[in-house]
Amino acid sequence: MIDYLIVILEHNCAPFCCYDVKDRSRNELISLDLLKKIVNYAIRERLSVNFLYGSTQLPPEYEMVIGEVGHMKMMPLGHARSYENTVFIIDGEEDLRHVHVLDGGDLNNVILRVGRDDLVSFGATVKSLIGRFKRLNVIIKDVHRFTEEAFSVYERQLEDVGAIVGEEYRKGNFIEVNVLTDRVFLTNMNNCNAGTRHLTVAPNGKFYICPAFYYKNEDNSLGGIDDRVEIKNARLLELEYAPICRNCDAWHCKRCVWLNDAVTSELNTPSHQQCVLAHLEREASRRFLERVGTDIGINDRVPTIPKLDYLDPFDVITNRSVSPEERERHFAQLLSKPLEDLPVKELLRQIYRTDPKMLTRLKEVSCAVVDLEDRE
Amino acid sequence: MKKNIAKPPAIWQESIAKTVTFVVTEDCQLRCHYCYLVGKNSRNKMSFDVARRSIDYITGNRDVFPEKSIIWDFIGGEPFLEIELIDEICDYIKSKLRSEGHPWLESHRFSFTTNGILYGSEKVQNFIRKNGPDLSIGVTIDGTPQKHDMHRVYPSGKGSYNDTVRNIPLWLDQFPVSSTKVTVASDDLPYIRESVLHLYGIGIKHISINVVFEDVWKEGDDAILEEQLVGLADRIIDEELYTDHTCSFFSETIGRPRTDNNNWCGAGKMLAIDCRGDFYPCHRFTPFSLVNRKAPPVGNCFEGIDRNKLRPFLSLDLVTQSPRECIDCKVATGCAWCQGANYDFAETDTIYQRATYLCKMHKARVRANNYYWHRLNALIGS
């Protein structure tokens with residue numbers, strides 16, 4: 001079910017995720033009429049809106065229309081014009097020169113876009129931002145370019161970030177850094193959910209699965225604001241229809257369907273690089289929890305993260321030396337980890353409440369028919 | 001006395017060997033109506049350089065190709081149109097395996113699927129004499145002259161039955177335990193029974209037969225298929241042909257609820273190389289096989305395999321690509337699909353949408369199959 005819209009206010013807006021803005025010379029601002037139409041649509045559909053800003057100073061009448069609907073603003077830090085309901089985007093040196101903007105007012109959520117080649121200073125960048133955000137969303141811009149060497153750099157930098165954030169936690173400053181802390185507190189997949197929880201509207205008035213699909217090919221839209229939006233094969237956006245992801249407990253992973261499509265040609269299949277990065281982060285989270293959990297007294301409230309001997313679930317899924325039963329046992333154990341301390345009777349009660357049919361099916365597969373003649 | 005029921009010939013190193021398919025030409029003498037190779041042409045032929053680079057890559061990367069055995073498969077179009085190139089390729093493979101001390105030297109096959117027209121030619125026969133023990137050759141013949149010539153025709157429309165059948169005795173003499181592959185479309189359904197019996201009559205004991213995956217089936221076709229197969233079942237049983245003949249329409253394992261979540265098709269586990277040196281998950285994904293979609297290469301002989309492009313194929317399972325009706329189907333086993341056809345027919349660029357055009361045909365086959373085994377088991381005991 002769609003909960004919110006992402007509205008690209010101008011073609012040349014700040015990218016907030018792993019895509020790049022194509023043809024930056026186009027400075028196409030959304031029309032006021034279209035903006036009104038989108039806001040009206042969002043109100044009627046009870047959707048909130050994330051507005052993506054660029055460098056253009058919007059006319060006051062635009063801001064008035066934006067103010068009519070529940071929203072968040074996402075804007076480049078270098079062109080910051082608002083503080084309330086705003087997520088700031090830091091993308092490169094230029095934006096980093098404006099970090100002082102974050103010092104005024106309440107702490108905001110911040111998106112930090114980093115490329116593979118910037119990772120050597122990743123830990124230092126996070127350190128420089130401490131005290132200036134309450135949540136830091138780290139976005140790696142060029143996942144598909146990662147090599148073994150870059151994985152090693154990232155692994156080391158995550159270790160540094162773990163130490164930095166750990167210090168903050170010990171001081172009682174419970175900040176969030178998505179690639180480190182999200183996995184600690186999640187018990188289920190919490191992905192981007194493009195196309196299933198949110199859709200994007202571009203300045204041309206067309207819907208897209210997310211901004212990345214607009215910048216990839218704006219002719220390939222899902223329909224216009226006045227049309228019935230249709231996503232063909234929409235099931236492929238759902239976790240249940242992603243054979244690698246549904247067996248994975250890197251629950252913080254973006255599971256970016258655009259990146260999947262770009263690298264593997266299938267919306268539901270992550271690249272090797274995507275899986276390894278998510279598992280390096282998962283391992284950093286595991287170690288972070290191990291080190292900090294006792295110090296801050298959360299070990300009895302959050303499940304431990306099991307140590308894995310692989311970085312890519314695909315390797316397990318396709319490993320012929322692992323029997324289907326072994327594989328099933330491994331993934332079932334992994335995915336049910338947060339439930340394992342629950343008493344069986346309580347678990348069965350919850351299954352009954354969620355889906356009584358499931359109890360019938362469980363009995364069918366687990367309970368043998370009593371044979372009165374078989375007295376053995 | 002309890003009689004034996006014949007089994008189809010075992011597939012050499014099945015599910016152990018890697019299959020690498022060389023599409024040596026996109027040309028064929030025939031223009032079979034049901035053929036999925038929609039872009040046949042006389043322009044595109046593989047060069048030896050493309051073949052050599054591919055072999056170098058495949059034999060030189062054991063981490064990517066760890067299989068104990070390999071089937072070097074040659075198709076087209078019609079592969080025997082390029083027998084000289086094939087001969088050169090096979091010589092190169094053998095010398096390469098020998099010089100590298102590669103384990104495949106002792107565990108490889110050269111496999112061919114041919115329309116049989118050139119089978120008796122001197123060049124092909126020389127090749128067979130030279131590589132005999134390493135060869136596996138399947139000749140395609142569709143049945144009676146009427147059924148065969150209905151679809152397997154030259155560009156002029158003339159049927160090819162006579163040009164194929166004259167080479168069948170030689171083929172069976174050289175490869176006695178062979179099977180032929182029969183394809184059935186809508187309009188030749190009424191000829192199935194006689195065609196299978198005809199093929200048995202000319203000495204082919206094992207017949208691999210399937211209906212096409214395409215959207216060609218008309219109302220009532222399932223009833224014709226069922227009636228044909230029941231008639232065939234009666235003849236096979238009454239004439240005790242089951243003791244040394246097989247027909248893949250009848251199998252004890254089909255028509256049950258599914259017990260696993262495996263993909264039916266092996267696309268991605270095999271590798272096809274087209275004339276340009278592009279790699280594909282199977283030959284059904286090459287450009288001249290696709291009607292509606294762009295061909296999705298998974299690498300090429302110059303840069304190797306892009307393993308990210310193979311991930312969707314290797315992680316594909318039944319449930320993810322099938323509609324609920326297929327997942328819960330009580331006669332699911334044996335229902336086939338072709339990943340390339342699925343991709344070509346899908347609403348979007350995906351291999352994760354199963355085409356189900358043959359649903360009714362499968363169910364008809366299952367009913368006839370149930371009849372066959374019910375009769376046979378009653379006769380000889382299960």
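Predicted model: local features only at pLDDT ≥ 70, side-chain atom pairs only at ≥ 80, totals over all residues.
Reader: How much area do chain B and chain A bury between them, and which residues of chain B lose the most area to chain A?
Author: The size of an interface is often given as the accessible area lost when the parts come together. For chain B and chain A the buried area is about 1,800 Å², with 44% of it on carbon and sulfur atoms. On the side of chain B, 35% of what is buried there comes from three residues together, and the ones that lose the most area to chain A are B:N308, B:R311 and B:T320.

Reader: Which residue of chain A meets the side chain of B:R311 in a salt bridge?
Author: Side chains of opposite charge can pair when their charged atoms come close. Between chain B and chain A the count is two salt bridges. In the one that involves B:R311, the distance from N to O is 2.6 Å, and the partner is A:D312.

Reader: Are α8(A) and α9(B) roughly parallel or roughly perpendicular to each other?
Author: Two packed helices are described by the angle between their axes and the distance between the axes. Helix α8 of chain A, residues 257-264, packs with α9(B) at about 110 degrees, the axes being 8 Å apart, and the contact is made by A:A262, A:V263 and A:T264 on one helix and by B:N308, B:K309 and B:P312 on the other. Because angles of 65 to 115 degrees count as roughly perpendicular, the two helices α8(A) and α9(B) are roughly perpendicular.

Reader: How many residues apart in sequence are the parts that A:E159 and A:R287 tie together?
Author: A:E159 and A:R287 form a salt bridge, with their closest N and O atoms 3.0 Å apart. A:E159 lies in helix α5 (residues 148-170) of chain A and A:R287 in helix α9 (residues 272-296) of chain A, so the parts that this pair ties together are separated in sequence by 128 residues.

Terms used:
Residues numbered from 1 in each chain as written. Chains lettered and ligands numbered in written order. Heavy atoms only, no water. Buried area = accessible area lost by both parts, 1.4 Å probe. Salt bridge = Lys/Arg side-chain N within 4 Å of Asp/Glu carboxyl O. Axes fitted to C-alpha atoms, helices over the stretch in contact; angles between N-to-C directions. Helix = DSSP H or I, 4+ residues; strand = E, 2+ residues; numbered from the N terminus. Parallel < 35°, antiparallel > 145°, perpendicular 65-115°, else oblique. Contact = heavy atoms within 4.5 Å.
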